Amino acid sequence: MSSPLLILTASHNRNLQLAELVLAASQAAELPATIIDLTALELNLYTSRGETQGPGAGFRQLHQAMASSGGLWICGPEYNGGIPPSLTNAIAWLSRAAEDFRALFNGKPVALATHSGGGGQKVLSAMRIQFSHLGCIVLGRELLSHSGKPANPDTVAAMVAQMQRLMG
């Protein structure tokens, strides 16, 4: 398989740990994968006024990883019932600064996961709507975890297997 799975984490705590769990399961399944921590990228905050400054130093790394990936796995916490700002910002910059924006998402399989302090279902629903809007093929199964419900390794393995089939 030439195109790796790109695992994006939108926080550096529990969702990074979740991303590392996905990475380990991917490696066990011999599915090439890599993690990008959106909170560690040097991306400027997207605003229409700030657009002239450009996306920042981390944009090229994000764009190249997106362009070469065969699928995405998003690990993001629920922020006040919605999508975390780091993920929204990354998508905003990709839509404004990447000439191949549609190609980065259209038809790409996407798995959704969260470790949230609250329930987590709202962020999964919001991400499902957004990535479907972007033209992605969003897996029906999703991974929801929180302090009272750790990530189920069987669910992770089943989702990795499904991504592997979709990525061909």
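Tutor: Contact here means heavy atoms within 4.5 Å. Keep in mind that this is a predicted model.

Student: Which residues of helix 2 meet helix 3?

Tutor: Helix 2 brings Phe 59, Leu 62, His 63 and Met 66.

Student: How do I read the packing of two helices?

Tutor: Two packed helices are described by the angle between their axes and by the distance between the axes. For helix 2 and helix 3, the axes come within 11 Å and cross at roughly 80°. An angle of 65 to 115 degrees counts as roughly perpendicular. Helix 2 and helix 3 are therefore roughly perpendicular to each other.

Student: And a pair of aromatic rings?

Tutor: Take the distance of the centres and the angle of the planes. This structure holds three aromatic pairs. In one of them, Tyr 46 and Trp 93 have ring centres 5.0 Å apart and planes at 85°, so the pair is edge-to-face.

Student: Which parts does the pair of Tyr 46 and Trp 93 tie together?

Tutor: Tyr 46 sits in the loop between strand 2 (33-37) and helix 2 (59-68), and Trp 93 in helix 3 (residues 85-97), so the pair ties together parts 47 residues apart in sequence.

Student: Is Trp 93 buried or exposed?

Tutor: Trp 93 counts as buried, at 2% relative accessibility. Tyr 46, at 21%, counts as partly exposed.

Student: Which residues form a ring cluster?

Tutor: Phe 101, Phe 105 and Phe 131 do, linked by ring pairs.

Notes. Residues numbered from 1 in each chain as written. Predicted model: local features only at pLDDT ≥ 70, side-chain atom pairs only at ≥ 80, totals over all residues. Heavy atoms only, no water. Phe/Tyr/Trp six-rings, centres within 6.5 Å; stacked < 30°, edge-to-face > 60°. Helix = DSSP H or I, 4+ residues; strand = E, 2+ residues; numbered from the N terminus. Buried < 20%, exposed > 50% of the residue type's maximum accessible area, 1.4 Å probe, protein only. Axes fitted to C-alpha atoms, helices over the stretch in contact; angles between N-to-C directions. Parallel < 35°, antiparallel > 145°, perpendicular 65-115°, else oblique.
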